Structure formats: structure tokens, C-alpha cells
Amino acid sequence: MLIKRSDGKAAKQRLASAYQGLSAGALDRRGFLKQAGVASAGLAGLAGLKPRMAQAVGAGSGVLDHSQPVQRIKNVCTHCSVGCTVTAEVQNGVWVGQEPSWDSPINRGTHCAKGASVRELVHGDRRVKYPMKLVGGQWQRLSWDTAISEIADKLMAVRQASGPDSVFWLGSAKFSNEGAYLYRKLAAFWGTNSVDHQARICHSTTVAGVANTWGYGAMTNSYNDIRNAKTMIIMGGNPAEAHPVSLQHILSGKEINRSNLIVIDPRFTRTAAHATEYMRIRPGTDIPIIWGMLWHIFQNNWEDKEFIAQRVYGMDDVRAEVAKWNPAEVERVTGVPGAQLRKVAEMFATQKPSTLIWCMGATQKTVGTANVRAYSILLLATGNVGKPGTGANIFRGHCNVQGATDFGLDVTSLPGYYGLDESAWRHWARVWGVSYESLVARFDSPAMMTTPGIPTTRYFDAITLPKDQIQQRDRLKAMVVFGHGGNTVTRMPEAVKGLDALDLLVVADPHPTTFAALSNRRDNTYLLPMSTQFETNGSRTSSNRSIQWGSQVVKPIFESRTDYRVMYDLAGALDVAAERRNMTVRFKNDMFKNLEIKDGEPTAEGLLREINYGSLSTGYSGVSPERLKLHMQHQDQFDLVTLRAKPDAPEAIRGDFYGLPWPCWGTPEMRHPGTHILYNTNLHVKEGGGTFRARFGVEREGKTLLAEGSYSKGSELTDGYPEFTVQVLRRLGWYDELTAQEKAVIEGIGGNVSWATDLSAGIIRVAMEHGCLPYGNAKARANAWNLPDPVPVHREPIYTPRVDLIDQYPTLPDRRGFRLPHLGVSVQNRSKEVARDYPIILSSGRLVEYEGGGEETRSNRWLAELQQDMFVEINPADAAARNIREGGWVLVRGPEMPAGKFIKVKAMVTERVGRGVAWMPFHFAGWFMQEDQRGKYPAGADPIVLGESVNAVTTYGYDPVTFMQETKVTLCQIQAA
Amino acid sequence: MARMKFLCDSDRCIECNACVTACKNEHEVPWGINRRRVVTINDGKPGERSISMACMHCTDSPCSAVCPVSCFYTTADAIVLHDKDLCIGCGYCFYACPFGAPQYPRVGNFGGRGKMDKCTYCAGGPQADNTLVEYTQYGANRIAEGKLPLCAEMCSTKALLAGDSDMIATIYRERVQKRGYGSGAWGWRTAYRETVGA
């Protein structure tokens with residue numbers, strides 16, 4: 001335990017040696033009772049205080065004065081994607097209290113440890129308080145104006161010398177939707193596609209895999225809807241720690257329906273502790289498990305034949321692959337006994353509705369996209385999509401990772417998943433009111449405009465690899481990081497080399513983040529104090545696609561500024577810098593021409609209106625700020641299970657689904673209620689119904705890709721149909737139902753437009769009038785022919801202890817992607833040599849108290865107190881063989897670490913992990929391969945708790961579709977320190 | 001008057017520690033003092049269960065029985081509170097308490113441990129309700145505002161219940177009946193000399 005929360009050195013002393021015997025329990029994360037006496041020891045540092053409750057920092061101004069009026073303001077928790085409403089009590093501009101948000105249908109008053117402590121974020125004294133830069137290795141304070149103008153000048157210098165693609169814009173899942181959208185727009189105007197955010201490292205494979213299966217890359221149902229499920233499988237997720245409030249719905253479903261709650265995971269998680277069935281698998285064998293289940297399902301005719309015939313393409317190709325996975329082979333590869341697999345398969349297929357819940361255990365793999373495809377196929381085969389209680393309930397990570405993904409903080413797309421082709425750029429050029437040609441001119445070449453950028457998992461490779469291996473004019477030279485940790489990406493020793501080599505590093509964040517401390521940089525590094533979402537306005541999209549409006553609780557604290565303002569000011573400063581350098585490119589006027597500017601920054605409302613105008617494809621078009629604010633105001637009017645506003649709700653929200661989960665079609669005036677459950681044919685499109693999306697053509701190899709005999713309720717087209725375009729409308733004879741105004745807009749665009757590019761939203765309106773989905777009515781694809789593995793196949797992890805399986809189940813050959821080389825087989829072949837010296841599988845995951853890279857939460861005194869040590873979970877058998885004792889220090893080493901280097905962490909000896917498997921949380925940083933980096937943080941802004949990062953140990957390995965990193969399966973060796 | 005109690009449904013508790021940080025947040029409890037904590041048994045094994053623990057506000061509370069300066073008192077709602085101005089930090093209550101609730105800002109075999117601190121059921125202390133002096137010594141007084149303890153109000157899975165004994169026992173009993181299992185109201189026999197059956 002730390003003695004004082006403020007003194008960095010105290011962290012290393014732990015307890016005074018007199019209490020060391022007692023403190024052994026600190027690592028047994030939950031062994032609180034036995035250290036009841038220790039808590040008092042922890043206060044030794046406060047001994048000088050008066051014998052009463054110590055005054056906490058900021059409390060002097062933070063105590064509620066009951067004689068004065070209190071303002072109650074609603075915002076949304078800034079941690080995970082559940083989207084819990086936070087009710088703040090504010091007096092005199094100070095956030096003095098947090099009350100339960102009873103009215104929210106999502107959290108109903110509750111929080112987890114993180115949500116219950118968010119108030120600390122806005123009087124946390126560990127925040128970055130003013131702009132700083134490194135001068136000769138020392139942090140030096142400077143004014144905002146100086147900081148922004150120096151940064152702008154250096155960015156323009158890089159642009160001049162190396163081109164726009166040499167700047168990497170790393171955005172954040174902590175942005176509001178409006179902030180994310182503006183950041184993507186900034187990158188577009190800068191002239192690069194190298195703009196990314198945390199989705200790359202959490203659910204990029206989900207988005208790619210699921211969208212390629214049935215249309216949209218998002219959770220199909222909702223947390224609340226899980227209450228309807230009869231069988232739930234949680235595979236590769238630990239929501240009890242990662243999304244605790246979701247457990248309220250999961251456990252309620254389990255209790256009310258007496259549902260089966262099956263947890264499939266290599267680790268006996270806190271979620272597994274509440275399961276009715278727990279299945280331990282070898283890490284990295286998800287596809288064999290799913291195919292093994294399908295083997296039983298096909299064998300016993302448990303599949304939903306009608307559903308498959310009407311709504312699924314290519315299931316026969318899956319059958320052929322599944323046939324290989326007989327129980328014996330599954331057991332050989334995964335270690336799961338056949339009887340248990342059969343039992344779970346039967347439950348899932350026959351005790352319906354069934355839902356499959358997954359998280360990063362499925363996605364952070366070299367086979368991530370294939371994994372989620374296999375999961376989706378299991379759902380399709382059993383007919384568990386598009387109904388209450390079913391679906392792919394994908395729990396996204398950060399509070400707005402869904403929204404930030406939707407708005408294209410993604411190297412492969414513009415906002416709204418329009419992609420990067422010319423028609424996408426032309427669409428957004430129209431929305432932004434600039435010419436397509438003017439956008440082309442901002443890029444290095446027209447080709448770079450349509451080439452996916454460099455993803456965040458590989459930024460350092462794009463800095464350090466030889467120029468001829470990087471498919472752009474020059475290497476990355478500058479990096480601008482908004483709201484992103486530096487310890488969440490694998491191969492950190494390589495990342496340090498990359499960061500050291502950059503010409504410019506800008507970190508804009510409420511906290512310094514690992515980026516500020518990890519490298520050996522001495523100059524040209526800037527730290528900008530940013531506000532949290534509690535200090536500004538804006539909407540955020542929860543995992544279930546519900547969009548919630550957060551209102552500013554307090555003004556940005558210290559000298560911090562909002563994302564909107566900093567981007568606005570940066571655009572202005574870039575103009576000045578460009579002028580000074582006689583460059584013709586300009587930013588501010590074009591970027592902000594249609595946006596409302598108030599108090600020196602674009603308003604969230606204005607930004608959302610521009611989003612409404614352009615984001616037709618995802619149905620963000622109906623989500624006006626006014627509607628969202630009404631939903632927050634009348635939260636109590638929405639049903640807990642259906643999320644629908646009740647019949648006696650105020651007229652303005654009556655019938656709406658809470659937060660207008662996208663797609664919310666058409667204009668706000670059309671009053672589409674949002675879509676609670678995607679692809680639900682039992683509802684009319686105007687009531688939130690849907691079909692699988694037609695986005696892959698209408699026919700392939702003589703087979704139709706359109707649905708057969710299945711359509712959403714009330715559809716006038718009683719069969720499959722393609723997506724709506726002007727031509728389709730003409731062919732159906734519905735063209736003249738467009739108003740003259742709508743026709744004029746369509747003509748203005750060129751006459752040949754689809755529903756997604758029709759800025760009048762007329763095509764959408766007419767389609768809905770006829771009960772049709774604007775995006776068409778197709779089959780989901782069990783065979784996705786455009787992916788490296790059209791039907792998922794098992795591929796051994798890059799670093800696997802089962803070298804005997806490599807030849808039979810090899811990873812993909814070496815290839816290229818995202819402007820970079822992508823090694824597969826050549827690295828995997830190393831396994832054969834290293835597996836002997838690194839016999840333990842290493843996996844990583846979450847703790848409930850911390851989030852992401854953890855800088856923010858490790859700086860929160862209420863959370864930091866609960867988890868003070870980085871640790872590794874190791875099985876008792878492995879520990880005994882290595883003479884490792886519970887609570888003792890151990891050294892962990894991975895096969896790619898520099899020679900002689902280890903990370904030093906504490907051992908938690910536990911049966912939570914199986915034999916031969918170790919697990920570490922990924923939230924720690926500040927110690928790097930045994931170096932204490934506390935001194936590298938700006939004074940006073942260092943997180944309270946520091947620790948070794950698991951990603952110093954993790955290794956090479958990327959998903960071929962998205963360059964998702966492999967964090968769940970690698971190899972390591974552990975020894976007592 | 002109501003008989004206020006805590007009840008933790010260990011079949012629901014997921015050990016998310018919301019109760020712990022909610023308490024910290026509401027009362028600005030300093031580092032090192034934990035009025036509430038979550039205890040997990042069989043950690044990492046089948047049968048793993050967690051229980052959120054704090055002062056249970058016992059019937060005939062042992063802490064008050066052993067206190068040499070009689071600083072404890074029980075409110076009309078049966079909440080066990082203490083007067084920090086009387087407390088001498090002797091630590092007897094810590095030894096008497098079956099739940100390990102009392103906390104002290106200092107440690108040492110000789111000399112005072114400082115004023116004892118523990119869960120107040122969000123009911124403050126002997127000072128006038130919701131005054132700065134009460135807040136500084138004891139934390140917020142939600143009971144005086146007609147609210148329940150924040151730990152229970154914010155519990156992520158509604159495992160931790162606070163409120164009138166009859167009411168929370170009824171909620172728990174109905175829950176057990178509906179789902180068909182329940183490990184009982186942990187600590188009730190010790191604290192209140194009764195249990196909640198299904």
C-alpha cells in the first residue's frame with residue numbers, strides 16, 4: 001500500500017517495514033478483511049493532521065452547502081461503453097456531489113467503481129494544468145498561444161519537407177461524437193488518412209467481421225435486451241470487470257428467465273464466477289470451439305433451417321469446414337472435453353433466444369476478424385439474430401468508441417463508414433461545402449486520398465522502417481495524440497524507438513499519458529491540458545448505439561480547454577504558419593464555414609447538425625441535438641427492457657427508443673424512433689425494424705445475395721431487394737413520390753445518387769413510406785469472399801506453445817497492408833524455436849478499477865487506492881515449479897524483448913488461470929523494464945500508481961484485415977525475482 | 001420508526017467496488033480509510049463469492065458495549081453512530097467488532113490511534129444535520145435529506161441493499177424465490193440475530 005498518495009517516492013516504500021507482514025495481503029486484490037488492521041497503517045503519513053477526518057484536496061471548495069441552491073446536471077460516464085448517466089450536483093461552478101441517476105434506463109442509478117468516482121476527475125490534482133513542452137528533457141510551462149503556434153509551425157515544417165502523410169493523427173474514443181467528427185475532418189483537411197483511435201486495438205476486427213457478415217459493425221441488440229435471453233454465452237469477455245453495470249441486466253435475465261449463463265474463457269473470470277457453466281479453453285482456439293459446437297448442431301439438426309434458407313448466404317461452405325471439427329479434433333486443439341461442448345451447443349441451439357456476448361478476448365487476435373465472423377455464423381445458423389433476447393451483443397470498450405468509430409477515426413473510412421473512394425470524398429465535400437478538387441489538392445497525390453492510412457498498432461514501424469518499405473512519400477515524422485494512452489499497443493520497446501525518432505510529438509490529454517513519459521525525448525514534445533467530457537457539451541454513443549447528450553458540468557478546470565476549441569485554434573494557427581512559409585494550403589475558413597462558433601469554439605450542437613446532414617448511411621441523420629436533449633430530460637419515460645418511450649410519454653418522444661439508437665433514419669422531422677434491435681423483421685421500418693443490409697451486390701456465382709421470402713413487417717416488397725438508388729426508385733415507379741425540393745437536391749448532386757448520398761433524405765423517406773429499408777434486404781454472408789479467409793479457419797497464434805499444430809494450422813503468409821509489411825508465417829516459424837524457452841502462454845485483460853492505459857484512473861485517488869500493484873496471475877503448479885510465492889516479485893520476459901530485459905511484477909498465484917497460462921492487467925505504465933519513470937512525468941501530474949506495462953512483453957502479430965494487435969496469446973517465461 | 005440495515009446479496013455481488021468508491025466520493029474519505037470494502041472468498045475458484053462489508057449497525061452493538069468512554073449512540077432508525085469528540089482512539093471497538101469496521105487514522109501500540117472512523121450509514125454524527133462541521137468530521141448526512149446510503153444506491157447489480165429491515169428482507173426473499181437460489185443474508189445472524197429465509 002502507498003503511504004501517501006502524493007509522494008512519488010512513497011510508492012516504492014510500500015509500507016513501513018514494520019507492517020510488511022500485514023501488507024502481503026495487498027496483492028490478494030480482494031483480501032481486504034484480513035488486512036483490516038493495515039488500513040490504519042496506511043495513514044501513517046497523515047499522522048500530523050488533527051484527529052478528525054482529513055481534509056481531502058479540493059474538499060474545501062467541494063463541500064455541499066445545504067443553505068444554497070444546488071444545480072443538477074446530467075452527463076454520461078467517461079469510462080466504458082455501457083453509457084451510465086452521471087448526475088452531478090453543482091454549486092458555484094464546483095462539482096460538489098454525485099447522485100444516483102435513477103431515471104436512466106441503462107444504469108438505473110447504479111455505477112461501478114469507476115463511475116462512482118468520476119467526480120474526482122474534475123478536481124483531480126493530477127491533471128495536466130497548463131501547456132508544457134520538453135526543453136532539454138525538462139518540462140517547461142508555456143502559454144496556450146505559444147504552444148499552439150509552435151506546434152502549428154512544426155507541423156507545417158513536416159508537411160513542407162515530407163508531405164501531409166508524415167503526420168499521424170491519433171484521436172480518441174473519449175471524444176464526443178462531435179469531437180471525433182471534427183478530428184476526422186481536420187485530418188481530411190490536413191490531407192491524410194492516417195487518423196485512428198482506440199477502436200483499432202479493441203473492436204476493429206468486430207467492426208470489420210460483423211459488417212462483412214450482415215451490414216453494420218455494431219452490437220445488434222442492447223444491454224437491456226439481454227434481459228430477454230434464455231441462453232447467454234460470454235466468450236472472450238469479462239463484463240463483471242470491464243462493463244460491471246451490464247451485469248445488472250445479465251444477472252437479472254439469468255434470474256428472471258432462469259437462463260443459462262455460459263462463460264467460455266481461458267481464465268476463470270469474475271464473470272465466470274456467476275456462470276451456470278464455465279468452459280476453459282486454450283487461448284487462441286475460439287474458432288475450433290465454435291466449429292465444434294456447430295458440428296454438434298448440424299449433426300443433430302438443431303440449426304434454424306428456415307432462417308438459413310431465407311436470410312443466409314454460403315452456409316454450405318461453412319458446413320464443409322465444420323465437418324473437419326469432430327469432437328476428437330476439437331479436444332486435441334482446444335482441450336475442451338466433448339461432452340461439455342455438446343451440452344453447450346445444445347443449450348445454445350435449442351434453449352432460445354440465445355445471445356453471444358464478446359469483447360476483446362475475441363477481437364485482439366491475429367484471427368480477430370475470423371473469430372467474430374465465426375461467432376456471427378453460429379448466431380446465424382441457430383437463427384439468433386434480429387429478435388429480442390438474441391444477437392451479437394458486442395460490448396465495446398470506451399465510452400464513445402462506437403461513436404468515434406462511426407465518425408471515421410479510422411484509417412479506412414470517412415465519417416459514417418463511407419469508405420475512402422472518390423464517391424465518398426465527393427459526398428463529404430458536398431456536406432462540407434467545399435469542392436472535391438480542393439480536397440484532392442490537400443493530399444500528397446490523389447492516390448493517397450483513397451489509400452488507407454497507417455494504423456495505431458504500427459505507427460512506430462512507420463517511423464523506423466526503411467523508407468522503401470513504407471508506401472508513402474516519407475516516414476512518419478510527427479504525431480499528434482488526443483486522448484490516448486501509450487501503453488495499450490503491443491511491442492513497447494519498439495514504440496520507444498519510434499517515439500524517440502519523431503520530429504514532433506504533441507500529447508493533448510487531461511493527463512500526461514504514457515506518451516509523455518515513455519520515450520527518451522528531450523525536445524519537440526508538447527503537452528496540452530484538455531478538458532474531460534464533463535467539462536464540455538456533446539453526444540456520445542454507447543455500445544448499444546444509443547446516443548446520449550452530456551451537458552457541461554463545470555467549466556474546463558485549470559487551463560484546460562475543450563477538444564473543439566483546441567482543434568479550432570490549431571486550424572487557425574496552421575493558417576498563420578502556412579502563410580509564414582508561403583504555403584498555399586489553408587484550414588480554418590473551409591473547415592468551419594458551416595459551423596456555429598460561440599465563445600471562440602464550434603458548438604457541439606452545430607457540429608451534430610452537420611453530422612445529421614452528412615451521416616445518412618448510419619442513420620445519424622435523425623439524431624438532432626434537440627431530440628437527444630429531450631431524451632435526457634425524460635429518461636424516466638423509457639421502458640427498462642424495450643427501451644421504448646411509453647404511450648403516456650410526452651408527445652415529442654413518444655414511441656422513441658432511448659437515445660435514438662442508430663440507424664435513426666431520415667431527417668429529425670421524420671421522427672424515426674431509432675433502432676433498438678438491428679435486422680429485426682418483426683417490426684415496420686418506421687418502428688425500428690430492419691433486414692440484413694445489401695452491400696455486397698445482388699448475385700454471386702448464380703446464387704442470389706438477396707433475402708428470399710423474408711422482409712420486414714409492412715414491406716411492400718415481399719422479397720429481397722437491393723439498396724435504394726434513383727434508378728431503383730424509377731424502376732419501382734416511386735420516383736415521382738419525391739418532392740420537387742428533394743428532386744432538386746438530387747439533381748444538384750448529379751442525379752445518379754443512392755440513399756446514402758442523397759442529401760435531401762428523400763430516397764430514404766420514400767423507401768420507408770413503402771415499408772422498405774433504404775439499404776436493401778439481403779442475406780447475411782456466412783461466406784465473405786472478400787476476406788482473407790472467406791470461411792473462418794483455425795490458425796494457430798503467431799507464438800504458440802503447440803508447435804505440433806503449426807504445420808496443420810499455419811498463420812497467413814507474409815503480406816503487405818496499410819502501407820506496411822505484415823509478417824505472418826516467418827514470425828510464426830520462430831515459435832518452434834522459442835516455445836521451449838518461453839513455455840507459458842501470456843494473456844492480458846482488464847481490472848474493474850482501471851480503464852484502458854489507466855493513466856486517468858491510476859491518477860484517481862479513490863480508484864488507485866484499490867489497486868496498487870501490477871501483478872501477474874500464475875497457476876499454482878507453474879508457480880511451484882518456479883519457486884514463486886504468492887505476493888513475491890517475479891521477472892517476466894517475452895521472446896521479443898531486448899536481451900537481458902525483464903519486467904518486474906508481483907506474483908498472484910491463483911487457479912484463475914489454467915496451467916501453462918499467465919495473465920496480466922494492461923492498465924499499468926510508468927515502470928518500463930524495471931526503470932521507474934516517475935521522474936519523467938511533469939511534476940504533480942504523475943499518476944498515483946505506476947507499474948510495469950504488459951505490452952513491454954507482448955509480441956508481433958496482426959489481424960490481416962484491420963491490423964488489430966495480438967494481446968491475448970503470446971509466450972513468456974516467468975522466474976522468481 | 002424504521003430499522004435500518006444493510007443486506008448484501010452475494011449471488012449478485014460482482015466485486016466491482018462501486019460501493020467503495022461511492023463512499024469515498026460522498027464523504028471524501030481519505031486514503032487509507034475504508035468505511036466499506038469488498039471481501040472475496042474462493043478467489044479465482046469455482047464457488048467464488050464476494051460480499052460488500054461495512055459497519056452493519058448491529059442490534060446491541062458490541063462496539064458500544066466495550067467503549068470505555070461511551071461514545072457510541074444508536075439513532076431512532078437503529079443506526080449506530082459515534083461521537084468523535086468523545087472517542088479516545090483506544091481501539092477496543094475494533095477488537096469487539098465482528099466485521100472489522102472501525103478504522104483509525106494512526107497506528108501504534110502506544111499512544112492514540114486517532115479518532116475512530118467508520119460507516120455512518122450516511123447519517124453523519126451528533127452535530128447539527130448537514131453542517132460543514134458535521135461533514136468534516138463524519139461526512140455527508142443523506143439520511144437527513146431523506147436519502148439512503150450512496151453505496152447501496154449506486155451498487156452496480158443492486159446486490160447491496162440498504163433500507164428498512166422489513167423492506168430489504170422482502171426484496172431479497174422475493175428475489176430468491178424468483179431465481180431459486182440464495183446464500184442467505186450474510187452477516188445478519190451475527191449483526192441482527194436473525195436471518196432472511198427464502
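**A walk through a two-chain model**

A residue counts as buried if 20 or more other C-beta atoms lie within 10 Å of its own, as exposed if 12 or fewer do, and as partly exposed in between, with C-beta atoms placed from the backbone. H32(A) covers residues 762–769, and seven of its eight residues are buried, so the helix is largely enclosed by the rest of the structure. After H32(A) comes Gly771(A), with a positive phi near 75°.

A word on what you're looking at: this is a predicted model, where local features need pLDDT of at least 70 and side-chain atom pairs count only at pLDDT 80 or more, while totals for chains, interfaces and linings use all residues. Residues are numbered from 1 along each chain as its sequence is written, and chains are lettered from A and ligands numbered from 1 in the order in which they are written.

Now for the nonpolar cores (sets of buried Ala, Val, Leu, Ile, Met, Phe, Trp, Tyr and Cys residues joined through C-beta atoms within 7 Å). The largest has 347 residues, and Tyr183(A), Val872(A) and Ala918(A) have the most contacts inside it. Helix H26 of chain A (residues 563–580) gives the most to this core, ten residues. Back in chain A, if you skip neighbours within four places in sequence, Ala918(A) is in contact (C-beta atoms, placed from the backbone, within 7 Å) with residues including Ile840(A), Leu842(A), Val872(A) and Cys972(A).

Finally, see how the chains meet: 53 residues of chain B are in contact with 56 residues of chain A. On the chain B side, helix H1 (18–27), strand E2 (36–41), helix H4 (132–138) and helix H6 (165–179) each supply at least two residues. H1(B) provides the largest share, six residues. By type, that side of chain B divides into 17 nonpolar, 18 polar and 18 charged residues. Here Ala, Val, Leu, Ile, Met, Phe, Trp, Tyr, Cys and Pro count as nonpolar, Asp, Glu, Lys and Arg as charged, and the others, Gly among them, as polar.

Key. Two residues are in contact if their C-beta atoms, placed from the backbone, lie within 7 Å. Helices (H or I, at least four residues) and strands (E, at least two) are DSSP runs, numbered from the N terminus.
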